[in-house]
Amino acid sequence: MTTTADTDRQSETAGDETESAPESPRTAEPGRRFRTLLARRDRLAWLIGGLSLVLGGVFVVVDMAYNQGNLIAPLDDVYIHLQYGKQLGEGHPFQYNTGDPISTGASSLLYAFVLGAAYVVGFKGALFLTFAVLFGVLCMAITAGLVYHLGRALVSRAVGVWAGVLVAVSGPLLWGAASGMEVGLTSLLVTGSVLAFVKERPSIRFRWTPLIAAAMALVRPEGMIFAIMLCGAMLWTLWGARRERKVLLPALWTLLPLAATAAQYLFYRLATGTFTANGVQSKSHLNDRPVFYLGQFIDRTVANIRGAVDYFNGMNGQDFAFPGMLVVFLVGLAYLLVTRKRWRPLLLAVGLGFGAVVVSVSTLSTALIHELRYFHPFMPLYILFTVCGVYALTRVAFAERARRIGMHVLLVVVLLFSLVALPTWGVRLGREAATIRDTDVSLGAWIDGNLPQDAIVAVKDVGAVAYFGNRKVIDTIGLATNGLAEASNNGTGSLYEALRKLPPGERPDYFAIYEPQPGAPMRPLVDAGILGPEPLQTLPVRAPADLTGFRIVPFEDLKVYEAHWQLAGSGEACPVPGDVRDYLNAGDLESEEAHDYEARMEQPSLQPNSLLRRQDDVIDSGRVIVGGEAFTAHNLQQGKPLKITGRILAPGEERSVRVLVDGREVGVWQLGPKRDRWTNESFTVPGDAITSSTVSVELEPVRPMLSPYPEYTSFGYWFIQ
């Protein structure tokens, strides 16, 4: 659709038509009139962008006012990006610590390069965060101007102005822009790609749209989803013109976003051995628990979708949207689909893109935290189509004057909602930045001033500690350290096993931790003696919570402990005499994989979380089992009796399991007395059941399906002949 005439009345009248007429100024000097018209409209875009820029500056000032004149990020994740950008700028791309393997903890590949380039040209020290924040504010200001142009092209100048202004004064968007995250850049690419499509659609030649969409695919995983939808719209449009022109080469060019997506995942695979980024391994409902249950996945994901819908419909008491906004958005999208046939491929791509992004983000355990920052980049389009929905609702009036007045009145009400919430978002940014200063930033500064230069520090929040601490860090959650996400998701025992198997010179000397999730519980490390009984330093959170009691961090204090590894691995020693042919260490992911280990829980959604326990001078990891287990024993002597010795804690009512070897039942194993200490229990498999050097062993309930189930903790099994 081309742009409409210059007056509000003519624009809005044209908006009711299926296809709007080209602009045709009614003067004797059409060329001069047209240039004047463009200049005036460009000034509107500049004014809207300027408004966003000024308000973004105000948010930055609020941040500094809360932090004694210093600029502090409101999220620890910002410092993760800064660390990756700094390392890239210093010539160590995607090494979180110099010399580390390449890791994929930076959720935005493109933003890391932007920060790296800024570091190279001189934005270092305090200027580095300043650049990130001002860059985000600038990108959001440009986005507001682009929304104006997009609204004008799709419907009318009035719609464009209102959409641009509402984007410029959006509290969530200003928070995201001033956070230092990639929100501003992603918003710019999302809006820019749609506007490029609109501009290039009349000529059926997509030159810039695939390029911008490719950048969008590299800036965020959600951007990749949206870019793929946009590819579909471009291909659909080209297919419709296949009888009028050659479309093969243009179609190949439109696949550039797909090529960019494939290249990114190929980089992940070649650099790390997996297509899955560390953030997805750590946070996705597909990966963040020891056992995947489809029902649990659906339940958790749908709960997040429901929460996101409530946010975007303004129905949860949060000032994210005005009440009923989602309904008005859908009305706007439906109205354009009906009345703008030329843009249907694009509109369907946008609608499906929104839905796919919501579903995709909702598969993350962090979907609804951090002020919904994953959704921020798509809010400019969300606001635009909401304005289109208001425009559509006013079309029911017969008189043109009533339509025009009705639209402006309704949008004034929407504007008031945004303006009332705006100070709240500014205060929220300042309060959250002060909280990060209180915790992660202070912790990084303390580490820099108090720990040895060669110290290795294990942390939960890895950003500010690495950025300000100037020490090698190990991310126990697994964002910046490869291989620890799965261990952390499996529990403290698996995390301990992964850390203690590091070479002695690479184990963490200190832990800077907090207790609540995310990540594995840390208190068992203290109880087991891996960490000292008392912290070296405690940093309480002094930043006040908001009126609901919420803080941006999930803990009350941060603590630094010294690590002691003297008893590391003590649980591997066989507790009984004999020739050990094989050993399964429950909780050790590598050992479990080598033995085809499977926890068979009797109730769906029960998780065999790993734990860590110390008894006398033995520290060992184990799995909490309600039901039974299956595993494979290797290196056995055929025909010779096999003694299986297990370190077992059996506190449950039922402490017996059936033992099957290669599918054949060979007896019932009594797992020991009911007590709060582990014991060493043995079961002998007859020699005639050992038919090869490798056998499968299954432990099952004596009464399948019926409660009480066997309930015990298995720490390990030794296979003795």
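Predicted model: local features only at pLDDT ≥ 70, side-chain atom pairs only at ≥ 80, totals over all residues.
Student: How many salt bridges does the count come to?

Tutor: The count comes to 26 salt bridges. One of them joins Arg500 to Glu497, with the closest N and O atoms 2.8 Å apart.

Student: Where do Arg500 and Glu497 lie, and how far apart in residues?

Tutor: Both belong to helix H21, three residues apart, which is about one turn of the helix. An α-helix has 3.6 residues a turn, so residues three or four places apart point the same way.

Student: And are Arg500 and Glu497 buried or exposed?

Tutor: Arg500 and Glu497 are both buried.

Student: OK, what about Arg600, which residue does its side chain meet in a salt bridge?

Tutor: The side chain of Arg600 meets that of Glu598, at 3.6 Å from N to O. Arg600 counts as partly exposed because its relative accessibility is 31%, and Glu598, with a relative accessible area of 40%, is partly exposed as well.

Student: Which residue does Asp616 pair with in a salt bridge?

Tutor: Asp616 forms a salt bridge with Arg677, where the closest N and O atoms are 3.5 Å apart. This pair links distant parts of the chain, 61 residues apart: Asp616 is in the loop between strand E8 (610-615) and strand E9 (618-633), while Arg677 is in the loop between strand E12 (664-670) and strand E13 (679-685).

Student: Why does Asp616 count as exposed?

Tutor: Asp616 has 59% relative accessibility, so it counts as exposed, the cut-off being over 50%. Arg677, with a relative accessible area of 34%, is partly exposed.

Student: Switching to helices: what span should H6 have, and what is the distance between its end C-alpha atoms?

Tutor: Helix H6 (residues 157-168) has 12 residues and, at 1.5 Å a residue, should span 16 Å; its end C-alpha atoms are 16 Å apart, which agrees.

Student: Why is H6 described as largely enclosed by the rest of the structure?

Tutor: Because 11 of its 12 residues are buried, H6 is largely enclosed by the rest of the structure. Among the buried residues of H6 are Arg157, Trp162 and Leu166.

Student: And H17, how many of its residues are buried?

Tutor: Helix H17 is mostly covered, with 15 of its 16 residues buried. From its first C-alpha to its last, H17 (residues 379-394) reaches 23 Å, close to the 22 Å expected at 1.5 Å a residue.

Student: What about the surface, which residues form the nonpolar patch?

Tutor: The nonpolar patch on the surface is formed by Ile228, Leu235, Leu248, Leu249, Leu252, Leu255 and Leu258, which together have about 620 Å² of accessible area. Helix H10 (221-240) and helix H11 (248-254) are the elements that give two or more residues to this patch, and H11 gives the most, with three residues.

Student: How many cavities of 30 Å³ or more does the search find?

Tutor: A search of the whole structure finds five cavities of 30 Å³ or more. The largest cavity has a volume of about 60 Å³, and its lining includes His285, Asp288, Phe292 and Arg300.

How values were computed. Residues numbered from 1 in each chain as written. Heavy atoms only, no water. Helix = DSSP H or I, 4+ residues; strand = E, 2+ residues; numbered from the N terminus. Expected span 1.5 Å × (residues − 1). Buried < 20%, exposed > 50% of the residue type's maximum accessible area, 1.4 Å probe, protein only. Patch = residues over 30% accessible without salt bridge, like charges linked within 9 Å, V, L, I, M, F, W, Y side chains within 5 Å. Areas by Shrake-Rupley, 256 points an atom, 1.4 Å probe, with all protein chains shown as cover. Salt bridge = Lys/Arg side-chain N within 4 Å of Asp/Glu carboxyl O. 1 Å grid on protein atoms, 1.4 Å probe; cavity = no way out; pocket = protein on both sides within 12 Å on 5 of 7 lines; lining within 4 Å. Points joined across faces, edges and corners; volume = space filled by probe spheres on them.
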